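Here is a short report for a reader new to this structure. Please look over the sequence and the model first.

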Amino acid sequence: MSEQLNKKKPGQKRVISVNFEHHRFNVVGFDLLVVAKSDRLLGSIGLSHVDVVRPISVAVLTTGNELLMPGEAPQTGKIYNANRGMLHALLQQLGAEIVDLGQVRDSLDETVTAFKKAAEIGDLIMTTGGVSAGEEDHVKAAIDQLGSLQMWKVNMKPGKPIAFGHVNATPLIGLPGNPVSAFVGFNLFAMPILLKMQGVETPLPQPIYMPAGFNREQPARKREFLRGHLTNVVNAGRPLTQIQLYQDQGVGLMRATEWGQGLVDIQVGQTVSVGDLLPFYPLTSLR
């Protein structure tokens, strides 16, 4: 846009001329992302001005001594940092401005220093890793030292070690270090917060209900969000769309998040039989 929008806080609206870049706006009750093709929509209803909010600035950092950046030579005891690129892609889809603060070592002092800097430059802080209960997990301690922790750990799988709090007055979302858990946590927790901060009035994802094409006899011990895919089958001569699961739901398999079209919501204690209607959150609606 030709006019600077950073004079307003995220979610505060002002009327400006539309010049079609990636900025979120609200018109006649619909939440949209301004792109070039929106010209047709706005022109068709006679609008030359719309209410918009500026993109929020998200300070992103990843934690862990074990992380290597993609492109670096493999090392014993090290893993590649899959979360950084994933978070950048997800945030860009939501129109956020990303401030990459890099990797933070497993040190409380370094984590506190990084959080102080992030709180000064970002509307929101987003981290991955360091939210479990290990000796080298310092996110919770750093939040307690600098601000307040409103949520820590959720009875769900994957994504149990997730945190929400404030560093001074800046909100912080702490996602798990495991990439699959971070992916699920982003879509279910971080994304609605980001949309709300950008002025979206109904940010919570809404499921569609689809019949299961699988059985699960073991009752779920936690609320589970399984990676699923919609498949067309023929049942009694009639076409039917069913949910199929990726063959291995292990949290170490990023392939399941690429294959899956959405998340299947399984409640605590629930078993599943073929044909049961299940809540299915399409990833397109989550973003």
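Predicted model: local features only at pLDDT ≥ 70, side-chain atom pairs only at ≥ 80, totals over all residues.

Residues are numbered from 1 along each chain as its sequence is written, and side-chain values use heavy atoms, without hydrogens and water.

**T63 and its surroundings**

T63 is buried, at 9% relative accessibility. Buried means under 20% relative accessible area, exposed over 50%, and partly exposed in between (1.4 Å probe, protein chains only). Beyond its neighbours within four places in sequence, T63 is in contact with V104, D106, T128, G129 and G130. Contact means heavy atoms within 4.5 Å. The T63 side chain also reaches the backbone oxygen of G129 at 3.2 Å.

**Salt bridges**

Side chains of opposite charge can pair when their charged atoms come close. A salt bridge here is a side-chain nitrogen of Lys or Arg within 4 Å of a carboxyl oxygen of Asp or Glu. The count comes to 4 salt bridges. The table shows some, among them D100 with R84.

| Pair | N to O distance |
|---|---|
| D100 and R84 | 2.5 Å |
| D144 and K140 | 3.3 Å |
| R216 and E224 | 3.1 Å |

D100 is partly exposed at 29% relative accessibility. R84 is partly exposed at 30%. In the last pair, R216 is partly exposed at 21%, whereas E224 is buried at 10%.

Conventions: Polar contact = N/O pair within 3.5 Å; in protein donor to acceptor, adjacent residues only side chain to side chain.
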